[in-house]
Amino acid sequence: MSEYIQPITLEEVAKECRSCKKCPLYLTRTKVVPGEGKAKLKVMLIGEAPGEEEDLKGRPFVGKAGQLLTKILQSVDIKREEVFITNMVKCRPPGNRNPSKSEIETCFPYLETQIAIINPKIIVTLGNVPTQYLLDTTTEGISKLRGRWFDWLGEIKIFPMFHPSYLLRNEGTFPGSPKELTWKDIKTLKRTIVNL
Ligand code: SF4
């Protein structure tokens, strides 16, 4: 595990993130967004990076995409408080660009420590960035990987889904549309959580 494994509570990890200057994203952030949720939850949701609204508020998934994520969870009766929500990097990349590989690698020990504390059964990766990084692939994208289960570090299952911001850009509902597939995926996730 990482050099940051020393902090033993989520709040201690968050405190370290808030004063972090380890990658250039600290230069342009307003607030650090360490993540939200309690320890010992069964499910973690991991997106790519905070957006504008998140950067202003210091909370993950509170902008339009976040509101859609909340609705998607609520559609199968999962409350936000029942999952830990965070991102691959804790500071907003300028202009909402994807975080670079080096930024992700620099920030990863924080996420790794959060995962060690929470010890989830399932990690839902939202979109290409967390999915490809955690599954260590550059050749397969989210369209191929979503809705499938992957073993990770022996005990954790990874379940990739589309990022809600992608759904906002692709709103049509027709057989095979991102929205329809996400509806299918969230129902699969719910069925699995119920049986954990
Ligand atoms: S993104 Fe992560 S590594 Fe970079 S400054 Fe923020 S907390 Fe530190």
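The lining of the second largest pocket comprises four nonpolar, three polar and three charged residues. Here Ala, Val, Leu, Ile, Met, Phe, Trp, Tyr, Cys and Pro count as nonpolar, Asp, Glu, Lys and Arg as charged, and the others, Gly among them, as polar. The model is predicted, so local features need pLDDT of at least 70 and side-chain atom pairs count only at pLDDT 80 or more, while totals for chains, interfaces and linings use all residues. Residues are numbered from 1 along each chain as its sequence is written, and side-chain values use heavy atoms, with hydrogens and water left out.

This second largest pocket holds about 280 Å³ of space. A pocket is an open set of points on a 1 Å grid over the protein atoms alone, with protein on both sides within 12 Å along at least five of seven lines; a cavity is a set of points where a 1.4 Å probe fits but cannot get out, and lining residues have an atom within 4 Å of a point. Grid points are joined across faces, edges and corners, and a volume is the space filled by probe spheres set on the points. Among the lining residues are P99, K101, I104 and Y133. Helices α4 (101-118) and α5 each supply at least two residues of this lining; helices (H or I, at least four residues) and strands (E, at least two) are DSSP runs, numbered from the N terminus.

The largest pocket contains about 540 Å³ of space. Of its 25 lining residues, E48, A65, N96, H163 and S165 are the closest to its centre. At least two lining residues come from each of α2 (52-57), α3 (64-75), α5 (128-134) and α7 (164-169). Eight residues of this lining are nonpolar, ten polar and seven charged.

The ligand, by contrast, sits in the largest cavity, meaning that more than half of its atoms lie within 2 Å of the grid points. Among the residues around the ligand are C20, C23, R29 and Y110, where near means that a heavy atom lies within 4 Å. The shell divides into seven nonpolar, no polar and two charged residues.

Strand β3 (residues 122-126) is largely enclosed by the rest of the structure, because five of its five residues are buried, that is, under 20% relative accessible area, with exposed over 50% and partly exposed in between (1.4 Å probe, protein chains only). In a regular strand the side chains alternate between the two faces of the sheet. I122, V124 and L126 are buried on one side of β3, and I123 and T125 on the other. Strand β1 (residues 43-47) runs parallel to β3 and is joined to it by four bridges; two strands pair if DSSP finds at least two bridges between them. I46 has T125 of β3 as its bridge partner. Five bridges pair β3 with strand β5 (residues 156-161) in the parallel sense, and L126 has M161 of β5 as its bridge partner.
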